[in-house]
Amino acid sequence: AAVSSVGLTLTGTATVADANLKVKISNVVDNKPSAQVVHTTQNLKDEFTITNMTLNETVTMTYTILNEETDVDATLADVQITNSNETYFKVESTINDADVTHGETGTVTVTVTLNKTPVTEEQGIANITVTLNAKPVNN
């Protein structure tokens with residue numbers, strides 16, 4: 001009896017590990033207001049403190065967002081602002097470069113304006129939060 005050949009079948013699945021999009025705040029520049037602005041920046045978060053603002057002064061902060069991915073583009077979107085003192089402070093945010101190619105940067109601008117003179121210490125304080133999402137883009 002002769003030995004004949006047989007076919008072998010190899011099957012399986014491959015999955016990708018879950019990971020967060022690799023973006024970070026790489027720089028922040030202020031418009032050099034008379035008020036003092038201090039930043040504590042750590043990758044995805046910047047905590048800013050603005051002191052000694054004067055009436056109608058606008059502090060403009062421009063954030064550079066770096067897409068550290070090697071082959072995934074990102075879109076910056078969904079800006080949400082909370083401002084605990086809208087009576088005295090106006091806060092606005094603009095995404096200047098929404099589409100951020102892998103390895104490139106985009107910018108987001110946040111402006112804070114003191115639009116009314118506070119007469120008590122409590123009136124002169126605003127707790128501000130600006131959030132946005134960086135979403136991966138299918139290439």
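The largest pocket of this predicted model holds about 1,000 Å³ of space. Its lining is made up of 34 residues, and those that lie nearest the centre of the pocket are D46, E47, F48, Y63 and V130.

An open sheet of three strands runs in the order β7-β5-β9, and its pairing is antiparallel. The edges of this sheet are formed by β7 (99-100) and β9 (128-137), each of which pairs on one side only. Between β5 (residues 73-83) and β9, the antiparallel pairing extends over nine bridges. Within this pairing, D73 stands opposite V137 of β9.

Although D78 is not a glycine, its phi is positive, at about 60°. D78 counts as partly exposed because its relative accessibility is 39%, a value between the limits of 20% and 50%.

The other residue, K32, is found in the loop that links β1 and β2 (36-42). K32 likewise is a residue other than glycine with a positive phi, here near 60°. With a relative accessible area of 74%, K32 is exposed, since the cut-off for that class is over 50%.

Technical notes:
Residues are numbered from 1 along each chain as its sequence is written. This is a predicted model: local features need pLDDT of at least 70, side-chain atom pairs count only at pLDDT 80 or more; totals for chains, interfaces and linings use all residues. Side-chain values use heavy atoms; hydrogens and water are left out. Two strands pair if DSSP finds at least two bridges between them. Helices (H or I, at least four residues) and strands (E, at least two) are DSSP runs, numbered from the N terminus. On a 1 Å grid over the protein atoms alone, a cavity is a set of points where a 1.4 Å probe fits but cannot get out, and a pocket is an open set with protein on both sides within 12 Å along at least five of seven lines; lining residues have an atom within 4 Å of a point. Grid points are joined across faces, edges and corners, and a volume is the space filled by probe spheres set on the points. Buried means under 20% relative accessible area, exposed over 50%, partly exposed in between (1.4 Å probe, protein chains only).
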